[in-house]
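I opened the notebook to look up strand pairing and disulfides. My entries are below.

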Amino acid sequence: VQLQAFGGGLVAAGGSLRLSCVASGRTFNSYVMGWFRQAPGSEREFVAYMGKIGAGPKYADFVKGRFTISRDNAKNTVYLQMNSLKPEDTAVYSCAASRFRSSSPDDYRDWGQGTQVTVSS
């Protein structure tokens, strides 16, 4: 599946952004969709994933209560609503597709190009 992420930008601390990731193809429903992020000089880290139809989300501890992942299967789109943003949330955010409910980037085969999120203090 091909993925395209967008919606990043520059926002002040405490602000919000909503990222979107649009998938091509007719098998979107069969994938677990995840968001990951990578800051300069850091490893890629798990942010959240949303399971297939009827399966719930999972979040990294550092975003619980601030970020919400959702998906619209009719639009082949997964979203990441980010509220109460902090400067340490600054990173390139990428969406990815997997057959498994996993927080490991190694389990995700297909990746979008990433979108930059910068949070100013």
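**Ground rules.** I am working with a predicted model, where local features need pLDDT of at least 70, side-chain atom pairs count only at pLDDT 80 or more, and totals for chains, interfaces and linings use all residues. Residues are numbered from 1 along each chain as its sequence is written, and side-chain values use heavy atoms, with hydrogens and water left out.

**Strand β11.** I looked up β11, residues 115-120. Helices (H or I, at least four residues) and strands (E, at least two) are DSSP runs, numbered from the N terminus. The covered face of β11 holds Thr115, Val117 and Val119. Its uncovered face holds Gln116, Thr118 and Ser120.

**Partners.** I then checked pairing, which takes at least two DSSP bridges between two strands. β2 (residues 9-12) pairs with β11 in the parallel sense, over four bridges. Valine 11 has valine 119 of β11 as its bridge partner. β9 (residues 91-98) pairs with β11 in the antiparallel sense, over three bridges. Threonine 115 in β11 stands opposite tyrosine 93.

**Disulfide.** I searched the whole structure for cysteine sulfur pairs within 2.5 Å, the disulfide cut-off. The search found one disulfide. Cysteine 21 is joined to cysteine 95, S to S 2.0 Å. Cysteine 21 lies in β3 (residues 17-23) and cysteine 95 in β9, 74 residues apart, so I noted a link between distant parts of the chain. The S-S torsion of cysteine 21 and cysteine 95 is about 65°, so this disulfide is right-handed. Are the two cysteines buried or exposed? Cysteine 21 and cysteine 95 are both buried. Buried means under 20% relative accessible area, exposed over 50%, and partly exposed in between (1.4 Å probe, protein chains only).
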